[in-house]
Amino acid sequence: MITQLCKEIEHALKRQMNTPKDFEFLRSRIFARQHIYISTTTLMRIWGYVDEGVEPRTSTLNIMSQFLGYSNWEEFQRNANMPKELQSSPVLNRRLCVDKSL
C-alpha cells in the first residue's frame with residue numbers, strides 16, 4: 001500500500017523519485033502545500049532509496065496522503081481498495097475560485 005502511495009505522489013508530481021534531488025524537491029513541495037517538513041532521509045526510506053529497515057510512522061503517511069488530497073492514511077487505504085470508477089478524485093489545489101456575482 002505504501003508503494004501505491006509513492007506511485008500516486010510521483011504521478012501527481014509528474015516526476016519519479018530517483019535521486020536525492022528528487023526527494024528534496026518533494027520535501028519542498030510538501031512544505032509549500034502543507035507547511036510541514038518531512039526530512040529528505042525519511043522520504044528516501046519510504047521509497048526504499050535508503051534501506052534502514054524502519055517502518056514509516058502513521059503521522060508521516062498521513063502527511064503524504066494529505067499531500068494527495070486525502071484526509072489521512074486510512075482514507076487513502078480505503079480509497080485505494082475501491083474500484084477505480086468509484087474512487088474519489090483527490091484535490092491537489094487549495095485555491096477556490098468563486099464567481100464575483102455570488
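**Entry 1, helix α2.** I started with α2, residues 20-34, which has 15 residues and reaches 21 Å from its first C-alpha to its last, close to the 21 Å expected at 1.5 Å a residue. A reminder to myself: this is a predicted model.

Next I asked which residues of α2 are buried. I found D22, F23, L26, I30, R33 and Q34. They cover an arc of only 95° around the axis, which puts them on the same side of α2. I kept the general rule in mind here: an α-helix has 3.6 residues a turn, so residues three or four places apart point the same way.

Then I turned to the face of α2 that points away from its buried side, and there I noted the exposed residues K21 and A32. What do the buried residues of α2 pack against? I listed three partners: α1 (2-13), α3 (40-47) and α4 (58-67). Just past the end of α2, I saw that H35 has a positive phi of about 60°.

Is D22 buried or exposed? Its relative accessible area is 10%, and the cut-off for buried is under 20%, so D22 counts as buried. Setting aside residues up to four places away in sequence, I found D22 touching R15, Q16 and M17. I also checked D22 against M44: the two are 22 residues apart in sequence, and their C-alpha atoms are 9.5 Å apart in space.

After α3 comes G48, and I read its phi as positive, near 85°.

I stayed in helix α3 for T40. With a relative accessible area of 14%, T40 is buried. Which residues does T40 touch, not counting those up to four places away in sequence? My list reads P20, F23, E24 and R27. I looked up one C-alpha distance as well: T40 and S28, 12 residues apart along the chain, are separated by 9.3 Å.

I moved to helix α4, where S65 sits. Its relative accessibility is 0%, so S65 counts as buried. Leaving aside neighbours within four places in sequence, I found S65 in contact with L5, Y70, N72, W73 and F76.

I finished with the second largest pocket, whose volume I noted as about 150 Å³. Which residues line the second largest pocket? I wrote down I2, R45, I46, W47, G48, V50, D51, E52, G53, V54, E55 and P56. By class, this lining has six nonpolar, two polar and four charged residues. I also asked which element gives the most to the lining, and it is α3, with three residues.

Technical notes:
Residues are numbered from 1 along each chain as its sequence is written. This is a predicted model: local features need pLDDT of at least 70, side-chain atom pairs count only at pLDDT 80 or more; totals for chains, interfaces and linings use all residues. Side-chain values use heavy atoms; hydrogens and water are left out. Helices (H or I, at least four residues) and strands (E, at least two) are DSSP runs, numbered from the N terminus. The expected span of a helix is 1.5 Å times one less than its number of residues. Buried means under 20% relative accessible area, exposed over 50%, partly exposed in between (1.4 Å probe, protein chains only). The arc is that of the directions from the helix axis to the C-beta atoms. Contact means heavy atoms within 4.5 Å. On a 1 Å grid over the protein atoms alone, a cavity is a set of points where a 1.4 Å probe fits but cannot get out, and a pocket is an open set with protein on both sides within 12 Å along at least five of seven lines; lining residues have an atom within 4 Å of a point. Grid points are joined across faces, edges and corners, and a volume is the space filled by probe spheres set on the points. Ala, Val, Leu, Ile, Met, Phe, Trp, Tyr, Cys and Pro count as nonpolar, Asp, Glu, Lys and Arg as charged, and the others, Gly among them, as polar.
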